[in-house]
Amino acid sequence: FDIVISDLHLRSPLTGIDILRECQKLRPSTARILLTAIDCEVVEDVLQQLGALCFTKPVQIDELVACLKGL
């Protein structure tokens, strides 16, 4: 995959951060985006370590599309 977009909270024992960490290990070149209903600053340190971007829900689709076009 070229891009992985995950929500922070999943109906799974895993979190979106777990998914992005695994993506980073398996394919570091894959762009990673996290969606969350909480403030992105709460997970900012982890996102920086993962080289991931964050969007707060509700996501502004035009902002997400502009971000994706820039990747």
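Q: In this predicted model, does Lys-25 count as buried or exposed?
A: Lys-25 counts as exposed, because its relative accessibility is 62%. The coordinates belong to a predicted model.

Q: Which residue does Lys-25 form a salt bridge with?
A: The partner of Lys-25 is Glu-22, and the closest N and O atoms of the pair are 3.3 Å apart. Glu-22 is partly exposed, as its relative accessible area is 37%.

Q: Why are Lys-25 and Glu-22 separated by about one helical turn?
A: Both belong to helix 1 (residues 16-26) and are three residues apart, so about one helical turn separates them.

Q: How many salt bridges does the structure hold?
A: The structure holds two. Besides the pair in helix 1, there is a salt bridge between Lys-57 and Asp-7, whose closest N and O atoms are 2.5 Å apart.

Q: And where in the chain are Lys-57 and Asp-7?
A: Lys-57 is in the loop between strand 3 and helix 3, while Asp-7 is in strand 1 (residues 3-7). The two are 50 residues apart, and the pair thus links distant parts of the chain.

Q: How does Lys-57 count in terms of relative accessibility?
A: Lys-57 counts as partly exposed, because its relative accessibility is 34%.

Q: What about the peptide bond from Lys-57 to Pro-58?
A: That peptide bond is cis, with omega near 0 degrees. Most peptide bonds are trans. Pro-58 lies in the loop between strand 3 and helix 3 (61-70).

Q: Turning to the sheet, what is the order of its strands?
A: The sheet is open and has three strands in the order 1-2-3, with parallel pairing. Strand 1 and strand 3 stand at the edges; each has a single partner strand, so one side of each lacks a neighbour in the sheet. From one strand to the next, the twist averages 20 degrees.

Q: How many bridges join strand 1 to strand 2?
A: Five bridges join these two parallel strands.

Q: Which strands does helix 3 touch?
A: Helix 3 packs on the sheet and touches strand 1, strand 2 and strand 3. The direction of helix 3 makes about 170 degrees with that of strand 3.

Q: Where does helix 1 lie?
A: Helix 1 lies across strand 1 and strand 2, and runs at about 180 degrees to strand 2.

Q: How many residues of strand 2 are buried?
A: Six of its six residues are buried, and the strand is mostly covered.

Q: Which residues point one way from strand 2, and which the other?
A: Ala-31, Ile-33 and Leu-35 point one way, whereas Arg-32, Leu-34 and Thr-36 point the other way; all are buried. In a regular strand, side chains alternate between the two faces of the sheet.

Q: Which residues is Thr-36 in contact with?
A: Setting aside neighbours within four places in sequence, Thr-36 is in contact with Leu-8, Cys-54, Phe-55, Thr-56 and Lys-57. Thr-36 is buried, since its relative accessible area is 0%.

Q: What of Thr-30, buried or exposed?
A: Thr-30 counts as buried, because its relative accessibility is 5%. Thr-30 lies in the loop between helix 1 and strand 2. With neighbours within four places in sequence left aside, Thr-30 is in contact with Phe-1, Asp-2, Ile-3 and Val-4.

Q: Lastly, where is Gln-49?
A: Gln-49 is in helix 2 (residues 44-50). Gln-49 counts as exposed, because its relative accessibility is 58%. The C-alpha atoms of Gln-49 and Gln-24 are separated by 9.9 Å, with the two residues 25 apart along the chain.

Terms used. Residues numbered from 1 in each chain as written. Predicted model: local features only at pLDDT ≥ 70, side-chain atom pairs only at ≥ 80, totals over all residues. Heavy atoms only, no water. Helix = DSSP H or I, 4+ residues; strand = E, 2+ residues; numbered from the N terminus. Salt bridge = Lys/Arg side-chain N within 4 Å of Asp/Glu carboxyl O. Buried < 20%, exposed > 50% of the residue type's maximum accessible area, 1.4 Å probe, protein only. Pairing = 2+ DSSP bridges. Axes fitted to C-alpha atoms, helices over the stretch in contact; angles between N-to-C directions. Contact = heavy atoms within 4.5 Å.
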